[in-house]
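Here is a short briefing to keep beside the structure as you look around. Have the viewer open and follow along, topic by topic.

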Amino acid sequence: MTLPAEILAGARAPAMDRRGFLTLGAKGLVVAFAMPLVGRSAVVHAQAATPPTTQQLANAYVQVGTDGSITLWFGGSEMGQGAMSGLAQILAEELMVDWNQVTVKQAGVDPIVSYLTGGSSAVSRRYGTLRNAAAAARELLIAAAMTKTGDANRDSYAAKSATVMYTNPVSHLVTTWPYSALATLAASQTVPADLRLTDPGKFRLIGQPVPRVDIPSKVDGSAKYGIDTWLPNMVFAAIKHCPVIGGTLASTPSKPSGAVAVVPCKASDTRGAVTAGSVNAVAVVASNTWLAMRLANNLSVSWKLPASTAGVDSAAILAQAQGLMAGGQALCAEPAPPTGTTPASYATQLEPAVKAALGTPTIDATYTLPYLAHATMEVVSCTVNIVFSTAGVAQSCEIWAPTQAAAWVQQTAAGLTGVAPTQITVHTTFLGGGLGRKIEQDYVSQAVQVAMAVKKPVKLTWRREEDFAHDQYRPFALVNVKATLASGRIAAWSYRNVSQAILGQRGWLPPGAVDSQATEGSTGLPYNRGTHIVEWVPLPAGIPVGFWRSVGSSINAFAVESMIDELARAAGADPFQFRYDNMTDDRARAVLWAADILSSSWRNSLPAGHAWGVAIAESFGTWVAQVVDISQPSAGSMKVNRIACVVDCGTVINPDSVQAQMQGGIVHAMNAALWGQMTFTAGKAAQLNFNNYRMMRINDMPQITVQIMQSTNPPSGIGEPGVPPLAPALANAYARLTGTRVRTLPFFAGAGSGSDD
Amino acid sequence: MYSLNVNGVSHSVNVDGSTPLLWVLRDVLGLTGTKYGCGIEVCGACTVLVNGQPEKSCDMDTSEAAGKTIVTIEGLSANRSHPAQQAWIAHQVPQCGYCQSGMIMACAGAMQAGHHGNEILSEMNNICVCGTYARIKDAVQGL
């Protein structure tokens, strides 16, 4: 997923803020690092306006204990992307400790350490920050050693394996201290102004495929996900939403036999604010999860349905989008409107010139992409324990959640309970997949509401069917691209995307502004497009939409890279050569060239019945090119045999994690491209479980080769960028194989479970 | 009251006989390594061994499981020493890890039935949304 600039602004600043360095002598050395507060958005980090308390700073990045422990307090969410390990690698590198000397602990909500996990930023945006924090901790330990020797010459000291070594310049005698023996003294030292960072050429751990810290617990059942939380005396809840999107509760149903309680639940927004008058679900509380789910499923509820379901019906939405494509007011995303000109008026102003340059377009194509569910393996689940006074007033609150946004969990609970945020503890568990779904606060809000009502510890777990039917979906989109070639070069390009506004639906978008989530991947393309315009037309439909792995790029890369291939074919050019000829970005060119070479051994000697396709896309600062080899074992099917994948993600922290994320991104994209589709009839979701929302199985798995570009650029994202190029690469191969250009995803709608059972 | 033999320990559980084994394991016995994924025997996250056979516990009645030998991920080995667990670590298979209990139990069941390498793969059709299949393919090669 990606996030608006204002949300990530705080995480972007590379400069160090020395006010953030704090020390807690009693426990050893603790080094925290505050992102500069300037530019940090009030929308997200209201708490950053207040100076952190000592207690909050106990959750600092780096802790060197007097007991020999070296701890990284992890402020993000580990959802399989390896962030927990990636950050620990950076810490261990600069702190000069060995990989097996570091322990990673999950931090609570903290203004310095916590961050929202999204935008493929978990490791990449903290690279500089954590290197500085760890280097500062190392230098404080060395400064502590200086006070013991009286020799302030830094060159007399070295650090290795959690030990400071001092070589007396006169006697040449060597003294060593373990970090634990220096930790307390280090806490009263000052960080030197010129912090020494390790020369990247001498990295021991950054760039190495060290084993991930979370993996052992994930092979023996001991890893704790949100759904695994267990508290003494807790009760179990399941949810039943109004099956029609937009419907609300007409009357509270009576408690069924065997239930502990039935609790009406108000809807809430992404950051947990409840919407007045919006009771859209009831929770059923019982003595175990299965009973709660069964009772909820069988519960007869009277719902008040919305007056019209046109805004939540796939057929009606398609018709509406087609109307807007033909005659809607567009907003111009590229070229950027000059100051004082609105995106709408700039679009109107530019359109005639683009239309003139297009003349009769060489290709005029409309691409259609469906709503998609996240379908994380772990359904959403949240456990809440509220302590009440004898008068029944909530006094403190503890929450366990598989969340991508712990700070928002705290905010959600504060709003519902009246408990001060300082009295709300959030435990971020492992996430059984996040994919952008678990940034949302709907399930957290419901669990808190149930705990307030029943006044007992409660774990809420959604049935899979509720998870599918009440997701915040990847938006449906209609994209029209017109382009005209002149002598094999793109001379004019008009791009128009009609889709819902993810930010707009959350109230995060000023009126008349372009939703960055809708247009990412369609602007700043690596191709010279001559006279061009990129437009977005907001689609005012009512399907809840959200951040789905790679977000807008999952839509726009399909339209852009399919179109590029259509143009190559029209020009009679090789798809690689056409891209090289029109490409303006050297980094993209290098990645494409590497993919060209990597795939050339098999690409030019494919057996009969096979065809290849290529696509390239940038997202989250990372370039990925993929070349696929497909065949068609029978009509109406596709077998993906082989994929060559080249990635440029800047400095590599862990090449094994990069490979894993490329492999995973490809599978995620294949699920979507081949079969993924949510459809709605009069507000009701048609796909409710994996039996009609097909996911790949192991026998569908192609052979994937991943190659990583050597780079000294700052690290960029890896969690999402593997997704966008895959669907267009498949469509491009399919066109080559069959002569049929697939412009509507998925390739095979209405797939079953994909299981032989 | 049903008697369940789980990981070599006998438990008396006081539940309705139609309660799926999955939820008895998770909510009654506290063995949360076995996961809920779909509830309809499609994804395989809930796979356990029942009398040595991989079974999807989300749709197995407790009354049917009673008296049989049940092994969950927690009971597969001490100290992650089962060859499948070792291979999973060596190949750094898990990402989010949520499906991996079921994957490993499916693999262990296929091994117990005498399968090796690619034969094991043909017995595994669980869903992994993270897409760890490439590494699972590599991991089973030595098994």
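**Briefing: backbone, interface and spaces**

A:Pro746 sits in the segment that follows helix H18 (726–738) of chain A. Please keep in mind that the model is predicted.

**Backbone details**

- A cis peptide bond also joins A:Glu334 to A:Pro335, with omega near 0°.
- To find A:Pro335, look in the loop that runs between strand E13 (331–334) and helix H8 (343–358) of chain A.
- A:Asn233 has a phi near 65°, which is a positive value in a residue other than glycine.
- A:Asn233 belongs to the loop between helix H5 (179–186) and strand E8 (235–241) of chain A.
- As background, most peptide bonds are trans, and most residues other than glycine have a negative phi.

**Where chain B meets chain A**

- Chain A brings 57 residues to the contact, and chain B brings 48 residues.
- Together the two chains bury about 4400 Å², and 58% of this area is on carbon and sulfur atoms.
- The accessible area lost when parts come together is often used to give the size of an interface.
- Four salt bridges are found across the interface of chain B and chain A.
- A salt bridge links B:Lys35 with A:Asp228, and their closest N and O atoms are 2.5 Å apart.
- Between chain B and chain A, 28 residue pairs are in polar contact, counting pairs with both residues at pLDDT 80 or more.
- On the side of chain B that touches chain A, at least two residues each come from helix H1 (21–28), helix H3 (83–90), helix H4 (100–112) and helix H6 (133–140) of chain B.
- H6(B) gives the largest share of that side, with five residues.
- Sorted by class, the side of chain B that touches chain A holds 26 nonpolar, 14 polar and eight charged residues.

**The second largest pocket**

- The second largest pocket holds about 680 Å³ of space.
- Its lining has 28 residues, of which A:Ala267, A:Ser268, A:Asn280, A:Gln472 and A:Pro544 are the closest to the centre.
- Strand E10 (261–268), strand E11 (274–286) and helix H10 (442–454) of chain A are the elements that give two or more residues to this lining.
- The lining of the second largest pocket is made up of 15 polar, seven nonpolar and six charged residues.

**Cavities**

- In the whole structure, a search turns up seven cavities of 30 Å³ or more.
- The largest cavity contains about 510 Å³ of space.
- Among the 42 residues lining the largest cavity, those closest to its centre are A:Gln81, A:Gly82, A:Gln661, A:Ile718 and A:Gly719.
- Helix H3 (83–95) and helix H17 (655–675) of chain A are the elements that supply two or more residues to the lining of the largest cavity.
- By class, the lining of the largest cavity has 24 polar, 16 nonpolar and two charged residues.

Terms used. Residues numbered from 1 in each chain as written. Chains lettered and ligands numbered in written order. Predicted model: local features only at pLDDT ≥ 70, side-chain atom pairs only at ≥ 80, totals over all residues. Heavy atoms only, no water. Contact = heavy atoms within 4.5 Å. Buried area = accessible area lost by both parts, 1.4 Å probe. Salt bridge = Lys/Arg side-chain N within 4 Å of Asp/Glu carboxyl O. Polar contact = N/O pair within 3.5 Å; in protein donor to acceptor, adjacent residues only side chain to side chain. Helix = DSSP H or I, 4+ residues; strand = E, 2+ residues; numbered from the N terminus. Nonpolar A, V, L, I, M, F, W, Y, C, P; charged D, E, K, R; others polar. 1 Å grid on protein atoms, 1.4 Å probe; cavity = no way out; pocket = protein on both sides within 12 Å on 5 of 7 lines; lining within 4 Å. Points joined across faces, edges and corners; volume = space filled by probe spheres on them.
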